[in-house]
Amino acid sequence: MFQAMTFPVIQNGKTLQYPFAGGLNAGQYSAADLNNDQILDLVVFDRAGDAFLTFINTGTPNAISYRYAPEYACHFPPLQDYAILRDFNQDGASDIFCASLPPPFSTQEVQVFQGYFENNVLKFKPFLFSYPGCSNCDNRFIYYPSTIPGVWNNLIIADTDVPGVADVDGDGDLDILTFDGSAGGHIWLVKNTSVEKGFGVDSLRFEVTDRCWGRFYETGLNFCVNNLSPRPDTCVEFFAGQPVVEDRSGEEPRHPGSTLMLFDNDGDGDLELVTGDVSFTCMNMMTNYGTPQEAWMNEQDVNFPSYSTPVELPQFPAAYYLDVNNDGHGDMVVAPNSKFVNDDRNGSWLYVNTAANGHFFDLETKRFLVGEMVDVGTATHPVLVDVNADGLLDLVVGNYGYYAPGNAQNASLYLFLNTGTATQPQFTLTNSDWLGLSAFTPNDYDFFPAFGDLDNDGDQDLLVGSNFGALYYFRNTAGAGNPMQFQQNFNIIWATMDIGSYSTPAIVDLDYDGVKDIVMGERNGNLNFFKNTGAPDNPVFSAQPVTNKLGSIDTRAPQSDVGFSAPAFIEQPNGERLLIVGTQTGNIEAYTNVGTTETPFSLISKTWGNVDDGERSSVTFGDLDGDGILEMVAGNLRGGLTVYKTVLVDCTTSTTSAGDAGVSDIRISPNPARTEARVEWPHNRPVDWQVYNLLGRVVARGEAPGGAFRILLGGYAPGLYFVELRSEGRLAGRGVLSKI
């Protein structure tokens, strides 16, 4: 996979701690030991885009001390909707309770992935369930016996929900609490009977033993209030105890969509329950007056925590219980559980438990983790370009928008100037509404910038795609070598080049006729080719594309009508052109043999670089650190950015920044070389070496005793190549080789 990187980013005078972690919109928080050091680290699964973020806990007592470590995330399986990490077999390696696999296997059944350590890295494998009396009936879904003898049901949990996974009855194994998705607001106790049946904690055998756990009913119709039972032996029913203010005789019980957090608030051995509801902004904590075996919720805080700062998120909050600050006490993190309608910049509320005994949740921040990231709301679209003509690549980022009460669509362009050096980039946010595009909101949004010299005057002009499906054109009047200075052009041609919705332009001389054309992606996942029929200094485009099926590319996943194709082009020194396309799924596609017709382009990979930061990927390229190797900056649905060096590395390679410790520059001579090159590095240890081309393909490999060795170049085509050295299983050196 491509190697994750990071560079400093300054925002509002503050240097961010995790600038290129990719943003957060609807995080789900779990504690897990990622590196087998017996310290619980932090895993965040974002429902918005179905992406994992992993953070190593440095273990500083009484402090929040995490290091962003994306190299651990690549060992997690592809999941969707929810992922809860718990150690069901108590072996120190956390397991995952989650929704079913992504399409085409999608259902609402529950599966488990068993965790294990390999080389001190947490990895996972599917846990298979075997039906009793059947030796060849392995099933990846949790099952339980139905009321019909000999018939087994798979456990169904609504994909909108977050279930509770904990030792509910105090017998030492993990049970599951979930709302009955078919009949309404009663909670089922899906009891793990492994211990009782003598199988031990390394087994998972479930039965539904209580279909009215806690004896309450959640209607989802009366703010955050639940119907509580007056007796521990009585299950309250639909609308019980509610005043009749209208005829509800025709209404059926329903499951409204809920999230569950379990914890022992008062230390009496049974579990309290905190619920969030899809219809409301608040949370409800119910106190358990029963026992671990017979729960009875007889008190509720309908504006939890009312004693502190109550939760109030725009829609559907979910709470997660874990020790965030290494003080031995459980804290609470609250985040939206809605994929799209949420507070996408202030939606990670950390409540620190400040009680010496018991719990007192005190709100510390509404931007836990995300306040240390570049996060501009939802759906980022980055471009690297030198805005101020200082020789350094700056970063322009468009977005879908960000949440604000009463106006969810307030998109703009963000300008991050490169205030570093040619070898050590540093980005500083200098304008959060560059060129004033927010004036077009809320009617238009999802701004996608693209730069290129459309009028052949030596400077970079700007096109901006948007939700409308047409283009905004800003002509750069500065001239070559000068800081950009734009004049907006309202010529009708740009408005009539309408591809439907969510235009994503790229400027490129696709047919090599000396004038810049436009290739535009769109929501439907295809690519549109608009040929420039004007003179070099006077671009002219038809309202209709030459083809809307360029290269026969279709980025839609099977059984989906959404593709969100986002094109970018790389011109290689040997003249070969690469087309890189972002997609709705988050994968990145790469093609060669790029032409101007519907003839299929040559596919390099549907998962180029094995990069997937979540849905709606869009990418841009540039050599940020002056080493001759392109970096890739990627945007995503979550509203953040990630950076990768476009060389293939082992999945376990750590995130790096400019000047990586332990990785040596190597000397290659002669360089450029024609027939052979000598490679020298400053260590006398055996090394394995590989040579990659710009597509990331290995073209040669070998072993050397160390010090210096030769690489024969007879079969290489002219162009740039990457030389990578590994010693003792680790990246040890790298360099760039030019073949002439």
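User: Phe 474 and Phe 486, buried or exposed?
Analyst: Phe 474 and Phe 486 are both buried, where buried means under 20% relative accessible area, exposed over 50% and partly exposed in between, with a 1.4 Å probe and protein chains only. This is a predicted model, in which local features need pLDDT of at least 70, side-chain atom pairs count only at pLDDT 80 or more, and totals for chains, interfaces and linings use all residues. Residues are numbered from 1 along each chain as its sequence is written, and side-chain values use heavy atoms, with hydrogens and water left out.

User: Why is the pair of Phe 474 and Phe 486 edge-to-face?
Analyst: Their ring centres are 6.4 Å apart and the planes stand at 85°, so the pair counts as edge-to-face. Rings of Phe, Tyr and Trp (its six-membered ring) pair if their centres lie within 6.5 Å; planes under 30 degrees apart are stacked, over 60 edge-to-face, the rest tilted.

User: How many aromatic pairs are in the whole structure?
Analyst: A search finds 32. Among them is Phe 129 with Tyr 143, edge-to-face at 6.2 Å centre to centre and 90° between the planes.

User: Switching topic, where is Asp 91?
Analyst: Asp 91 is in the loop between strand S8 (83-86) and strand S9 (95-99); strands (E, at least two residues) and helices (H or I, at least four) are DSSP runs numbered from the N terminus. Asp 91 is partly exposed, with a relative accessible area of 41%.

User: And how do S8 and S9 pair?
Analyst: Antiparallel, over four bridges; two strands pair if DSSP finds at least two bridges between them. Ala 83 has Cys 98 in S9 as its bridge partner.
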